[in-house]
Amino acid sequence: MIDRDALRERIAGKRDDVVELTRSLIRMPTVNPPGEGYEDCARHLGERLARRGFEVVYERAHGAVGDSDRHPRWNVVARHEGRDPGPTVHFNGHIDVVAVGSGWTVDPFAAEVIDGRIYGRGSCDMKGGLAAAVIAVEALLEAAPDLPGAIEISGTADEESGGYGGVAYLAERGYFSKPRVDHVIIPEPLNKDRVCLGHRGVWWAELETFGRQAHGSMPFLGDSAIRHMGAVLAAFEAELFPRLAAKRTDMPVVPDGARASTLNINSIHGGEAEGFDGLPAPLVADACRLILDRRFLIEEQLDTVKREVRDLLDRLARERDGFRYRLTDLFEVVPSMTTADDPVAQAVARAVEQVLSRPAEFVVSPGTYDQKHIDRIGRLPSCIAYGPGILDLAHQPDEYVAVDDLVDAAQVMGLAALGLLTGAST
Ligand SMILES: [Zn+2]
(Lines give C-alpha, C1' and ligand atoms only; values in the text may rest on other atoms or scores of the structure.)
Protein backbone atom coordinates (compact mmCIF):
# COMPACT_ATOMS: atom_id res chain seq x y z
CA MET A 1 0.00 0.00 0.00
CA ILE A 2 1.28 3.46 -0.81
CA ASP A 3 1.88 5.77 2.06
CA ARG A 4 -0.20 8.87 1.51
CA ASP A 5 2.10 11.06 3.58
CA ALA A 6 5.07 9.88 1.55
CA LEU A 7 3.25 10.84 -1.65
CA ARG A 8 2.48 14.28 -0.26
CA GLU A 9 6.09 14.74 0.75
CA ARG A 10 7.30 13.70 -2.66
CA ILE A 11 5.00 16.28 -4.28
CA ALA A 12 6.10 18.98 -1.82
CA GLY A 13 9.68 18.15 -2.85
CA LYS A 14 8.81 19.04 -6.45
CA ARG A 15 8.00 22.65 -5.59
CA ASP A 16 10.69 24.07 -7.91
CA ASP A 17 9.62 21.67 -10.63
CA VAL A 18 5.99 22.80 -10.59
CA VAL A 19 7.10 26.44 -10.61
CA GLU A 20 9.43 25.91 -13.57
CA LEU A 21 6.85 23.93 -15.55
CA THR A 22 4.19 26.60 -14.96
CA ARG A 23 6.62 29.32 -16.00
CA SER A 24 7.67 27.51 -19.15
CA LEU A 25 4.00 27.12 -20.16
CA ILE A 26 3.23 30.81 -19.50
CA ARG A 27 6.19 31.84 -21.67
CA MET A 28 4.41 30.22 -24.62
CA PRO A 29 1.82 32.86 -25.59
CA THR A 30 -0.99 30.57 -26.72
CA VAL A 31 -3.43 33.43 -27.14
CA ASN A 32 -6.89 32.53 -28.40
CA PRO A 33 -8.22 33.98 -30.62
CA PRO A 34 -6.50 33.42 -32.96
CA GLY A 35 -4.94 30.31 -31.36
CA GLU A 36 -1.20 31.00 -31.40
CA GLY A 37 1.54 28.48 -30.66
CA TYR A 38 -0.61 25.46 -29.79
CA GLU A 39 1.77 23.02 -31.44
CA ASP A 40 4.80 24.18 -29.44
CA CYS A 41 2.86 24.02 -26.21
CA ALA A 42 1.37 20.59 -26.95
CA ARG A 43 4.83 19.23 -27.84
CA HIS A 44 6.40 20.76 -24.74
CA LEU A 45 3.98 18.77 -22.60
CA GLY A 46 4.05 15.66 -24.78
CA GLU A 47 7.85 15.41 -24.90
CA ARG A 48 8.10 15.76 -21.14
CA LEU A 49 5.53 13.02 -20.54
CA ALA A 50 7.04 10.75 -23.22
CA ARG A 51 10.34 10.85 -21.30
CA ARG A 52 8.42 9.52 -18.31
CA GLY A 53 7.00 6.54 -20.13
CA PHE A 54 3.73 7.96 -21.41
CA GLU A 55 2.42 7.02 -24.80
CA VAL A 56 1.81 10.36 -26.48
CA VAL A 57 -0.58 11.19 -29.31
CA TYR A 58 -0.93 14.55 -31.04
CA GLU A 59 -4.29 15.32 -32.61
CA ARG A 60 -4.87 18.29 -34.86
CA ALA A 61 -8.56 19.21 -35.01
CA HIS A 62 -8.78 19.31 -38.79
CA GLY A 63 -11.91 21.05 -39.94
CA ALA A 64 -12.82 22.43 -36.51
CA VAL A 65 -13.87 26.07 -36.22
CA GLY A 66 -10.72 28.20 -36.35
CA ASP A 67 -8.40 25.43 -37.58
CA SER A 68 -6.13 26.53 -40.42
CA ASP A 69 -2.57 25.91 -41.54
CA ARG A 70 -1.64 29.25 -40.04
CA HIS A 71 -3.39 28.50 -36.72
CA PRO A 72 -3.65 24.71 -36.44
CA ARG A 73 -5.62 23.37 -33.46
CA TRP A 74 -3.14 20.93 -31.87
CA ASN A 75 -4.00 18.79 -28.87
CA VAL A 76 -1.89 16.34 -26.92
CA VAL A 77 -3.08 13.21 -25.11
CA ALA A 78 -0.63 11.20 -23.00
CA ARG A 79 -1.45 7.82 -21.47
CA HIS A 80 0.43 5.77 -18.91
CA GLU A 81 -0.75 2.19 -18.67
CA GLY A 82 -0.47 0.43 -15.31
CA ARG A 83 0.70 -3.16 -14.86
CA ASP A 84 -2.77 -4.46 -13.99
CA PRO A 85 -6.15 -3.54 -15.38
CA GLY A 86 -8.16 -0.93 -13.53
CA PRO A 87 -9.89 2.40 -14.01
CA THR A 88 -8.46 5.28 -16.01
CA VAL A 89 -8.13 8.70 -14.43
CA HIS A 90 -7.74 11.57 -16.89
CA PHE A 91 -6.49 15.11 -16.16
CA ASN A 92 -7.53 17.58 -18.85
CA GLY A 93 -6.25 21.16 -19.10
CA HIS A 94 -6.74 23.71 -21.84
CA ILE A 95 -3.54 25.22 -23.18
CA ASP A 96 -5.10 28.38 -24.65
CA VAL A 97 -5.25 31.72 -22.85
CA VAL A 98 -7.39 34.79 -23.44
CA ALA A 99 -6.05 38.04 -24.91
CA VAL A 100 -3.76 40.08 -22.68
CA GLY A 101 -5.94 43.22 -22.51
CA SER A 102 -4.77 46.35 -20.72
CA GLY A 103 -3.84 47.26 -17.17
CA TRP A 104 -0.83 44.98 -16.64
CA THR A 105 2.03 46.13 -14.41
CA VAL A 106 4.23 43.12 -15.30
CA ASP A 107 5.13 41.48 -18.61
CA PRO A 108 2.24 39.04 -19.21
CA PHE A 109 4.49 36.39 -20.76
CA ALA A 110 7.65 36.72 -18.63
CA ALA A 111 6.27 34.48 -15.85
CA GLU A 112 7.95 36.50 -13.12
CA VAL A 113 7.91 35.10 -9.60
CA ILE A 114 7.21 37.81 -7.04
CA ASP A 115 6.53 37.11 -3.34
CA GLY A 116 5.54 33.49 -3.90
CA ARG A 117 3.28 34.19 -6.87
CA ILE A 118 3.82 33.42 -10.54
CA TYR A 119 2.47 36.23 -12.71
CA GLY A 120 1.37 35.98 -16.30
CA ARG A 121 -1.50 35.44 -18.70
CA GLY A 122 -2.71 31.90 -18.15
CA SER A 123 -0.91 31.45 -14.80
CA CYS A 124 -4.25 31.01 -13.02
CA ASP A 125 -6.44 29.98 -16.00
CA MET A 126 -5.07 27.37 -16.31
CA LYS A 127 -1.42 26.62 -16.98
CA GLY A 128 -0.73 26.48 -13.24
CA GLY A 129 -3.42 23.83 -12.85
CA LEU A 130 -2.13 21.82 -15.78
CA ALA A 131 1.43 21.94 -14.40
CA ALA A 132 0.18 20.87 -10.95
CA ALA A 133 -1.59 17.87 -12.52
CA VAL A 134 1.59 16.85 -14.39
CA ILE A 135 3.68 17.06 -11.22
CA ALA A 136 1.05 15.17 -9.21
CA VAL A 137 0.98 12.35 -11.72
CA GLU A 138 4.76 12.15 -12.08
CA ALA A 139 5.15 11.93 -8.32
CA LEU A 140 2.43 9.30 -8.08
CA LEU A 141 4.09 7.12 -10.72
CA GLU A 142 7.46 7.42 -8.99
CA ALA A 143 5.96 6.53 -5.62
CA ALA A 144 3.74 3.74 -6.92
CA PRO A 145 4.99 2.27 -10.21
CA ASP A 146 2.79 -0.78 -9.70
CA LEU A 147 -0.52 1.04 -9.63
CA PRO A 148 -3.35 -0.66 -11.50
CA GLY A 149 -5.35 1.14 -14.17
CA ALA A 150 -4.11 4.00 -16.30
CA ILE A 151 -3.44 7.70 -16.03
CA GLU A 152 -3.97 10.17 -18.84
CA ILE A 153 -3.09 13.83 -19.20
CA SER A 154 -4.31 15.97 -22.06
CA GLY A 155 -3.51 19.53 -23.09
CA THR A 156 -6.26 20.81 -25.34
CA ALA A 157 -6.99 23.78 -27.56
CA ASP A 158 -9.70 26.38 -27.74
CA GLU A 159 -11.50 26.07 -24.38
CA GLU A 160 -11.79 29.84 -24.30
CA SER A 161 -13.64 29.82 -27.62
CA GLY A 162 -15.97 26.89 -26.91
CA GLY A 163 -13.66 23.87 -27.04
CA TYR A 164 -14.66 22.69 -30.53
CA GLY A 165 -11.04 22.35 -31.68
CA GLY A 166 -10.11 20.76 -28.36
CA VAL A 167 -12.12 18.61 -25.97
CA ALA A 168 -15.19 18.44 -28.24
CA TYR A 169 -13.04 17.19 -31.13
CA LEU A 170 -11.37 14.55 -28.96
CA ALA A 171 -14.68 13.55 -27.33
CA GLU A 172 -16.14 12.85 -30.76
CA ARG A 173 -13.26 10.43 -31.30
CA GLY A 174 -13.81 8.49 -28.09
CA TYR A 175 -11.10 10.08 -25.97
CA PHE A 176 -13.56 11.01 -23.23
CA SER A 177 -15.77 7.93 -23.13
CA LYS A 178 -15.82 4.56 -21.46
CA PRO A 179 -14.12 2.13 -21.66
CA ARG A 180 -11.10 4.30 -22.39
CA VAL A 181 -11.66 6.73 -19.51
CA ASP A 182 -13.56 6.43 -16.22
CA HIS A 183 -12.98 9.69 -14.36
CA VAL A 184 -11.94 13.17 -15.51
CA ILE A 185 -10.52 16.00 -13.42
CA ILE A 186 -10.23 19.42 -15.08
CA PRO A 187 -7.78 21.64 -13.16
CA GLU A 188 -9.62 24.92 -13.83
CA PRO A 189 -8.99 27.63 -11.22
CA LEU A 190 -11.88 27.24 -8.79
CA ASN A 191 -9.86 27.78 -5.58
CA LYS A 192 -7.98 24.89 -4.00
CA ASP A 193 -10.66 23.96 -1.47
CA ARG A 194 -13.56 23.65 -3.93
CA VAL A 195 -14.80 20.77 -6.01
CA CYS A 196 -16.72 22.08 -9.01
CA LEU A 197 -19.53 19.74 -10.04
CA GLY A 198 -20.59 21.49 -13.22
CA HIS A 199 -21.92 24.69 -14.71
CA ARG A 200 -25.07 26.62 -15.60
CA GLY A 201 -26.49 26.58 -19.12
CA VAL A 202 -25.95 29.20 -21.82
CA TRP A 203 -28.08 30.56 -24.61
CA TRP A 204 -26.60 33.22 -26.89
CA ALA A 205 -28.88 34.77 -29.47
CA GLU A 206 -29.04 37.64 -31.89
CA LEU A 207 -32.15 39.81 -31.91
CA GLU A 208 -32.85 42.17 -34.80
CA THR A 209 -35.55 44.80 -35.04
CA PHE A 210 -36.49 46.42 -38.33
CA GLY A 211 -37.77 49.82 -39.38
CA ARG A 212 -37.91 52.08 -42.40
CA GLN A 213 -35.26 54.58 -43.40
CA ALA A 214 -36.16 58.28 -43.75
CA HIS A 215 -34.49 61.68 -43.44
CA GLY A 216 -33.46 62.46 -39.87
CA SER A 217 -35.23 65.81 -40.06
CA MET A 218 -38.55 64.06 -40.76
CA PRO A 219 -38.47 60.92 -38.61
CA PHE A 220 -42.28 60.69 -38.83
CA LEU A 221 -41.82 59.59 -42.44
CA GLY A 222 -39.81 56.55 -41.34
CA ASP A 223 -39.93 53.99 -38.57
CA SER A 224 -36.97 53.72 -36.18
CA ALA A 225 -35.61 50.23 -35.57
CA ILE A 226 -33.70 51.67 -32.61
CA ARG A 227 -36.91 52.85 -30.94
CA HIS A 228 -38.34 49.37 -31.45
CA MET A 229 -35.26 47.94 -29.75
CA GLY A 230 -35.80 50.49 -26.98
CA ALA A 231 -39.24 49.02 -26.45
CA VAL A 232 -37.65 45.56 -26.17
CA LEU A 233 -35.20 46.81 -23.55
CA ALA A 234 -38.02 48.51 -21.63
CA ALA A 235 -39.96 45.24 -21.60
CA PHE A 236 -36.83 43.36 -20.48
CA GLU A 237 -36.37 45.84 -17.62
CA ALA A 238 -40.00 45.78 -16.55
CA GLU A 239 -40.66 42.05 -16.84
CA LEU A 240 -37.78 39.79 -17.76
CA PHE A 241 -35.00 40.94 -15.44
CA PRO A 242 -37.22 40.79 -12.31
CA ARG A 243 -38.53 37.38 -13.35
CA LEU A 244 -35.02 35.99 -13.84
CA ALA A 245 -33.75 37.45 -10.57
CA ALA A 246 -36.58 35.65 -8.76
CA LYS A 247 -35.52 32.22 -10.06
CA ARG A 248 -33.18 30.51 -7.62
CA THR A 249 -31.38 27.25 -8.16
CA ASP A 250 -30.51 24.43 -5.81
CA MET A 251 -27.21 24.14 -7.71
CA PRO A 252 -24.42 25.41 -5.41
CA VAL A 253 -23.34 28.13 -7.87
CA VAL A 254 -20.64 30.57 -6.80
CA PRO A 255 -20.72 33.52 -6.47
CA ASP A 256 -24.14 33.68 -4.86
CA GLY A 257 -25.51 36.20 -7.39
CA ALA A 258 -25.22 33.50 -10.05
CA ARG A 259 -27.72 31.28 -8.20
CA ALA A 260 -30.36 33.33 -9.96
CA SER A 261 -31.00 33.14 -13.67
CA THR A 262 -29.17 35.94 -15.49
CA LEU A 263 -29.28 37.88 -18.73
CA ASN A 264 -26.55 40.10 -20.11
CA ILE A 265 -26.99 42.38 -23.10
CA ASN A 266 -23.59 41.74 -24.68
CA SER A 267 -23.85 44.39 -27.39
CA ILE A 268 -26.21 46.57 -29.35
CA HIS A 269 -25.69 48.04 -32.80
CA GLY A 270 -28.00 50.28 -34.80
CA GLY A 271 -28.00 53.08 -37.32
CA GLU A 272 -25.26 54.45 -39.52
CA ALA A 273 -21.82 55.32 -38.15
CA GLU A 274 -20.62 58.94 -38.25
CA GLY A 275 -18.86 60.02 -41.42
CA PHE A 276 -15.17 60.87 -41.85
CA ASP A 277 -15.95 64.40 -40.67
CA GLY A 278 -17.30 63.06 -37.40
CA LEU A 279 -20.82 64.19 -38.22
CA PRO A 280 -23.78 61.84 -38.12
CA ALA A 281 -25.70 60.54 -41.09
CA PRO A 282 -29.13 62.14 -40.61
CA LEU A 283 -31.12 58.96 -41.10
CA VAL A 284 -33.81 57.01 -39.33
CA ALA A 285 -32.30 53.58 -38.57
CA ASP A 286 -33.86 50.76 -40.52
CA ALA A 287 -32.17 47.99 -38.51
CA CYS A 288 -30.94 47.41 -34.98
CA ARG A 289 -29.18 44.36 -33.61
CA LEU A 290 -28.67 43.11 -30.06
CA ILE A 291 -26.73 40.11 -28.75
CA LEU A 292 -28.06 38.53 -25.62
CA ASP A 293 -26.31 36.17 -23.21
CA ARG A 294 -28.74 34.21 -21.11
CA ARG A 295 -27.38 31.90 -18.38
CA PHE A 296 -29.87 29.41 -17.02
CA LEU A 297 -30.31 26.94 -14.21
CA ILE A 298 -30.59 23.18 -14.08
CA GLU A 299 -34.25 23.59 -13.03
CA GLU A 300 -35.01 25.42 -16.32
CA GLN A 301 -35.52 23.94 -19.78
CA LEU A 302 -33.80 25.49 -22.76
CA ASP A 303 -37.03 25.74 -24.79
CA THR A 304 -38.75 27.54 -21.89
CA VAL A 305 -35.80 29.92 -21.63
CA LYS A 306 -36.17 30.78 -25.31
CA ARG A 307 -39.96 30.97 -25.14
CA GLU A 308 -39.82 33.58 -22.36
CA VAL A 309 -38.03 35.94 -24.72
CA ARG A 310 -40.07 35.03 -27.78
CA ASP A 311 -43.40 35.51 -25.96
CA LEU A 312 -42.34 38.98 -24.94
CA LEU A 313 -41.35 39.84 -28.53
CA ASP A 314 -44.57 38.40 -29.96
CA ARG A 315 -46.58 40.53 -27.56
CA LEU A 316 -44.70 43.64 -28.71
CA ALA A 317 -45.44 42.63 -32.30
CA ARG A 318 -49.16 42.55 -31.50
CA GLU A 319 -49.25 45.73 -29.46
CA ARG A 320 -46.71 48.01 -31.09
CA ASP A 321 -47.24 49.49 -34.56
CA GLY A 322 -44.65 48.40 -37.08
CA PHE A 323 -42.73 46.11 -34.66
CA ARG A 324 -40.96 43.32 -36.53
CA TYR A 325 -38.14 41.18 -35.24
CA ARG A 326 -35.90 38.24 -36.01
CA LEU A 327 -34.40 36.05 -33.28
CA THR A 328 -31.47 33.80 -34.24
CA ASP A 329 -29.79 31.22 -32.01
CA LEU A 330 -26.00 31.58 -31.89
CA PHE A 331 -24.88 29.08 -29.25
CA GLU A 332 -26.39 26.92 -26.56
CA VAL A 333 -25.22 24.60 -23.81
CA VAL A 334 -27.48 22.91 -21.31
CA PRO A 335 -26.46 22.89 -17.64
CA SER A 336 -24.23 20.05 -16.49
CA MET A 337 -23.83 18.78 -12.95
CA THR A 338 -22.16 15.68 -11.56
CA THR A 339 -23.65 14.48 -8.29
CA ALA A 340 -21.62 15.09 -5.13
CA ASP A 341 -21.58 11.35 -4.39
CA ASP A 342 -19.89 10.53 -7.72
CA PRO A 343 -16.57 8.70 -7.12
CA VAL A 344 -14.41 11.46 -8.63
CA ALA A 345 -16.15 14.17 -6.59
CA GLN A 346 -15.77 12.10 -3.44
CA ALA A 347 -12.13 11.22 -4.09
CA VAL A 348 -11.16 14.86 -4.63
CA ALA A 349 -13.21 16.05 -1.64
CA ARG A 350 -11.49 13.51 0.63
CA ALA A 351 -8.10 14.58 -0.67
CA VAL A 352 -8.92 18.27 -0.04
CA GLU A 353 -9.78 17.44 3.54
CA GLN A 354 -6.53 15.49 3.99
CA VAL A 355 -4.32 18.22 2.52
CA LEU A 356 -6.05 21.36 3.80
CA SER A 357 -7.55 19.94 7.02
CA ARG A 358 -10.94 21.40 6.22
CA PRO A 359 -13.94 20.06 4.32
CA ALA A 360 -14.16 20.69 0.60
CA GLU A 361 -16.91 22.93 -0.68
CA PHE A 362 -18.98 21.59 -3.58
CA VAL A 363 -19.68 24.37 -6.08
CA VAL A 364 -21.03 24.95 -9.56
CA SER A 365 -19.50 27.42 -12.02
CA PRO A 366 -21.55 30.35 -13.37
CA GLY A 367 -19.99 29.94 -16.83
CA THR A 368 -19.38 26.81 -18.85
CA TYR A 369 -16.10 25.02 -19.48
CA ASP A 370 -15.09 21.82 -21.25
CA GLN A 371 -17.08 19.57 -18.89
CA LYS A 372 -20.04 20.13 -21.22
CA HIS A 373 -18.36 18.16 -24.02
CA ILE A 374 -17.31 15.33 -21.73
CA ASP A 375 -20.90 15.11 -20.47
CA ARG A 376 -22.78 15.62 -23.77
CA ILE A 377 -20.45 14.04 -26.33
CA GLY A 378 -18.40 11.65 -24.22
CA ARG A 379 -21.42 10.64 -22.09
CA LEU A 380 -19.10 10.43 -19.12
CA PRO A 381 -20.78 11.77 -15.99
CA SER A 382 -17.80 11.20 -13.69
CA CYS A 383 -16.15 14.57 -14.30
CA ILE A 384 -15.40 17.54 -12.06
CA ALA A 385 -13.21 20.63 -12.10
CA TYR A 386 -10.62 21.04 -9.39
CA GLY A 387 -7.55 23.22 -9.51
CA PRO A 388 -5.37 25.88 -7.92
CA GLY A 389 -5.79 29.57 -8.59
CA ILE A 390 -8.36 32.12 -7.56
CA LEU A 391 -11.38 32.09 -9.86
CA ASP A 392 -11.78 35.88 -9.80
CA LEU A 393 -8.25 36.39 -11.21
CA ALA A 394 -8.94 34.48 -14.42
CA HIS A 395 -8.90 36.73 -17.50
CA GLN A 396 -7.78 39.74 -15.39
CA PRO A 397 -4.66 41.91 -15.77
CA ASP A 398 -1.81 40.85 -13.42
CA GLU A 399 -3.25 37.34 -13.26
CA TYR A 400 -1.19 35.15 -10.95
CA VAL A 401 -1.13 31.80 -9.20
CA ALA A 402 0.37 31.30 -5.74
CA VAL A 403 3.14 28.70 -5.53
CA ASP A 404 1.71 27.33 -2.24
CA ASP A 405 -1.62 26.77 -4.00
CA LEU A 406 0.09 24.88 -6.83
CA VAL A 407 1.76 22.53 -4.37
CA ASP A 408 -1.40 22.01 -2.29
CA ALA A 409 -3.54 21.36 -5.38
CA ALA A 410 -0.93 18.96 -6.77
CA GLN A 411 -1.09 17.03 -3.49
CA VAL A 412 -4.88 16.92 -3.70
CA MET A 413 -4.76 15.69 -7.30
CA GLY A 414 -2.13 13.07 -6.49
CA LEU A 415 -4.09 11.70 -3.53
CA ALA A 416 -7.37 11.76 -5.47
CA ALA A 417 -5.85 9.83 -8.38
CA LEU A 418 -4.34 7.33 -5.95
CA GLY A 419 -7.72 6.83 -4.29
CA LEU A 420 -9.53 6.34 -7.60
CA LEU A 421 -6.95 3.92 -9.00
CA THR A 422 -6.73 1.76 -5.91
CA GLY A 423 -10.41 2.00 -5.01
CA ALA A 424 -9.44 3.24 -1.57
CA SER A 425 -12.11 5.25 0.18
CA THR A 426 -10.04 6.59 3.04
ZN1 LIG B 1 -10.04 28.05 -18.04
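This is a predicted model: local features need pLDDT of at least 70, side-chain atom pairs count only at pLDDT 80 or more; totals for chains, interfaces and linings use all residues.

Residues are numbered from 1 along each chain as its sequence is written. Helices (H or I, at least four residues) and strands (E, at least two) are DSSP runs, numbered from the N terminus.

**Sheet β4-β5-β16**
- Three strands form an open sheet in the order β4-β5-β16, with antiparallel pairing; two strands pair if DSSP finds at least two bridges between them.
- The edges are β4 (113-114) and β16 (400-402), each of which pairs on one side only.
- Strand β5 (residues 117-119) is joined to β16 by 3 bridges, and the two run antiparallel.
- R117 has A402 in β16 as its bridge partner.

**Helix α10**
- Helix α10 (residues 403-422) lies across β5 and β16, at about 65 degrees to β16.
- The angle is taken between N-to-C directions on a scale from 0 to 180 degrees, with axes fitted to C-alpha atoms, for helices over the stretch in contact.
- Contact means that C-beta atoms, placed from the backbone, lie within 7 Å.

**Strand β2 and its partners**
- Strand β2 (residues 74-81) is largely enclosed by the rest of the structure because 6 of its 8 residues are buried (20 or more other C-beta atoms within 10 Å of the residue's own, C-beta atoms being placed from the backbone).
- Strand β1 (residues 55-60) pairs antiparallel with β2 over 6 bridges, and E55 has R79 in β2 as its bridge partner.
- β2 is also joined by 6 bridges to strand β6 (residues 150-156), again antiparallel, with V77 opposite S154 in β6.

Conventions: Two residues are in contact if their C-beta atoms, placed from the backbone, lie within 7 Å. A residue is buried if 20 or more other C-beta atoms lie within 10 Å of its own, exposed if 12 or fewer, and partly exposed in between; C-beta atoms are placed from the backbone.
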